[in-house]
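Thank you all for coming; I would like to walk you through one structure this morning, going slowly and staying with what can be read from the atoms. Please have a look at the sequence and the structure first, and then we will go through a few places together.

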Amino acid sequence: MRKITILGAFVLAAFAANAQQNVVKDAERALKEDKSAKEVADIIKPALTDPTTSQQAQTWFIPGKAAYKQYDDLLGKKAFGKLPEGGEVLMGNLLLDGYKYFITALPFDSLPNEKGKVKPKYSKEIHSTVSGHYTDYNNAAIAFWEAKDYGKAYDAWELFCTIPASFKVNAPADTTMGEIRYNQALAAWQNEKYENALQSFLKAKDLGYNKKNLYDYAIAVASQAKNDDAVYNLAKEAQALYGKEDPNYIGYMINRYLQNKEYDQAFTIIDEAIANDPNNAQYFVVKGILLSETDKKNEAKDLFKKAIAIDEHNSMALYQYGRSLCEEAYALGEVAPTSPAESEVFFNEKIKPLFIEAADYLERAYNVDNNNTDALRYLENAYYNLKDEAKLQDVQNRLK
């Protein structure tokens, strides 16, 4: 009985193998009959996972060829303005699917046959087909982008960037490839794939794309990816290139030093920036904020005032100076006399002038930047202490 059982198993296996080979033949027949790529893929689907056929190049070549063939048919219709609705996206999907099938088929086409010889049957056609459609992948990425399918836009641009190395295609100049990588990074960012976006931005930069917006966006996605090293390195590069027009880069660098409690390095770098660009108001603001974290609050206030002298419309300088005045008033309140009469005199002579001056600078800060709600909160407290109910109500309305 044991022999009969084993024989039965072999017979069943033979039938199963034969059935999957018939599936492949059916798919090949559908390809020759100009069936759609989806119909061919549906027919051959069981053979893609069956052990008897899944490692045969033909199994993967057939649906790949069907995808590229349908793409070419649609491309012809597009030339005559007869592309159906959604045709651009369909063409992009066919290119992605065709490549996926072909790239899977290639290694199986290099396996030795039953005689131990390697005789590729499909590799030449695969290489020529992919190479012939190389530039189409950029068009597909644009179509996906316009359809807001950012994940597939990223994938299509990835193939556009990597096909030349694998299929011996002449790639565009580095300047063009840099722009492609930049666009790919934007697609990944839109798709909330922050690490992918960062890597594409870095590749664009390596290809010579070093415009300011690349650094700004790359720092943003690096922050979202919580890649502090990348934020610092990008900010350091950007500071050398664009530091004079944008002081935010030095802020990113200093933040790294503060996180590591490397205060000396933080002061060194801001002092170097001030020495190189002494008319940059924001640098004085940054140094003032650093000093505010120490016991040198008066020096910090002086730096905020100096920044305002350089740029009277610097919202952060105005806010920080007003805030410093409020904090000074709060500190005096802690040491005010306890008797009512003495306390009133002390308030009027020492504290009230600080709140009045602070309110002026905080109002100016808010007028420059209406998103600065911190300025409104200090204003609210200042007007409360000044017993100015009308202005207090106005600030509370703005906070709402």
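Let me begin with Leu 234, which has its place in helix α11, where helices are DSSP runs of H or I with at least four residues, strands are runs of E with at least two, and both are numbered from the N terminus. This is a predicted model, in which local features need pLDDT of at least 70 and side-chain atom pairs count only at pLDDT 80 or more, while totals for chains, interfaces and linings use all residues. Residues are numbered from 1 along each chain as its sequence is written, and side-chain values use heavy atoms, with hydrogens and water left out.

Is Leu 234 buried or exposed? Leu 234 is buried, with a relative accessible area of 3%, and here buried means under 20% relative accessible area, exposed means over 50%, and partly exposed is what falls in between, with a 1.4 Å probe and protein chains only. Not counting residues up to four places away in sequence, Leu 234 touches Leu 198, Leu 202, Lys 205, Tyr 215, Ala 218 and Ile 219, where contact means heavy atoms within 4.5 Å.

Staying in helix α11, which covers residues 228-242, we come to Gln 239. Gln 239 is buried as well, at a relative accessible area of 17%, and if we leave aside its neighbours within four places in sequence, its contacts are Asp 246, Tyr 249, Ile 250, Met 253 and Tyr 283.

Gln 282 sits in helix α14, and with 19% relative accessibility Gln 282 also counts as buried. Beyond the residues up to four places away in sequence, Gln 282 touches Pro 247, Asn 314 and Met 316; Asn 314 is 32 residues from Gln 282 in sequence, yet their C-alpha atoms are 7.8 Å apart in space.

Rolling a probe the size of a water molecule over the atoms shows where empty space is left. In our case the work is done on a 1 Å grid over the protein atoms alone, where a cavity is a set of points at which a 1.4 Å probe fits but cannot get out, a pocket is an open set with protein on both sides within 12 Å along at least five of seven lines, and lining residues have an atom within 4 Å of a point. About 270 Å³ of space lies in the largest pocket, and 14 residues line it, with Asn 248, Gly 251, Tyr 252, Val 286 and Ile 289 nearest its centre. Which helix gives the most to this lining? The answer is α12, with six residues, while α12 (248-259) and α14 (281-292) each supply at least two.

Further along, Tyr 321 has its place in helix α16, residues 315-334, and is buried at a relative accessible area of 6%. Setting aside neighbours within four places in sequence, Tyr 321 is in contact with Lys 301, Phe 304, Lys 305, Ile 308, Glu 357 and Tyr 361. In helix α18 we find Ala 382, which is buried with a relative accessible area of 0%, and whose C-alpha atom is separated by 10.0 Å from that of Leu 325, 57 residues away along the chain.

Now for two loop residues. Most residues other than glycine have a negative phi, and most peptide bonds are trans. Glu 192, although not a glycine, has a positive phi of about 60 degrees; Glu 192 lies in the loop between α8 (174-190) and α9 (194-206) and counts as exposed at 56% relative accessibility. Lys 387 likewise has a positive phi of about 60 degrees without being a glycine; its place is the loop between α18 (373-386) and α19 (389-399), and at 69% relative accessibility Lys 387 counts as exposed.

Key. Grid points are joined across faces, edges and corners, and a volume is the space filled by probe spheres set on the points.
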